[in-house]
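I opened the notebook to look up a few things in this structure.

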Amino acid sequence: MEAMIAEAAVRGQVDLDLVSVDSTVGRARHRAAGMAVDPGPLDELEKAVAEERGVQERDKAHR
């Protein structure tokens, strides 16, 4: 890529006013991206995660 940019610069074909950002770096939660989520399954998932954490905490306490 650098060689291509250098070659284009020699020909005067480089415009550094345009900048491209790799979108894999920027992360957003589903709500920030505008994704609609049915609250029912999401609430159930959050409850299951909380219960699993509680089980893990109890297991640690019994060791």
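My entries follow, from the whole chain down to single residues.

**Ground rules.** I am working with a predicted model, where local features need pLDDT of at least 70, side-chain atom pairs count only at pLDDT 80 or more, and totals for chains, interfaces and linings use all residues. I number residues from 1 along each chain as its sequence is written, and side-chain values use heavy atoms, with hydrogens and water left out.

**Whole chain.** I found two helices and zero strands in the protein chain. Both are DSSP runs, numbered from the N terminus: helices are H or I with at least four residues, strands are E with at least two. Next I looked up burial. Of the 63 residues, 3% count as buried. Buried means under 20% relative accessible area, exposed means over 50%, and partly exposed lies in between (1.4 Å probe, protein chains only). I noted an accessible surface of about 6400 Å² for the protein chain, with 55% of it belonging to carbon and sulfur atoms. Such areas come from the Shrake-Rupley method with a 1.4 Å probe; for residues, only the protein chains shown count as cover.

**Salt bridge.** How many salt bridges does the count come to? I got one. The rule asks for a side-chain nitrogen of Lys or Arg within 4 Å of a carboxyl oxygen of Asp or Glu. Arg11 pairs with Glu7, and their closest N and O atoms are 2.7 Å apart. Glu7 is partly exposed, because its relative accessible area is 48%.

**Nonpolar patch.** Met1, Met4, Ile5, Val14 and Leu16 make a nonpolar surface patch of about 570 Å². Patch residues have over 30% relative accessible area and no salt bridge; nonpolar side chains (Val, Leu, Ile, Met, Phe, Trp, Tyr) are joined within 5 Å, like charges within 9 Å. I placed Ile5 in helix α1. Ile5 has a relative accessible area of 44%, so it is partly exposed. Leu16 sits in the loop between α1 (2-10) and α2 (39-61). Leu16 counts as exposed because its relative accessibility is 68%.
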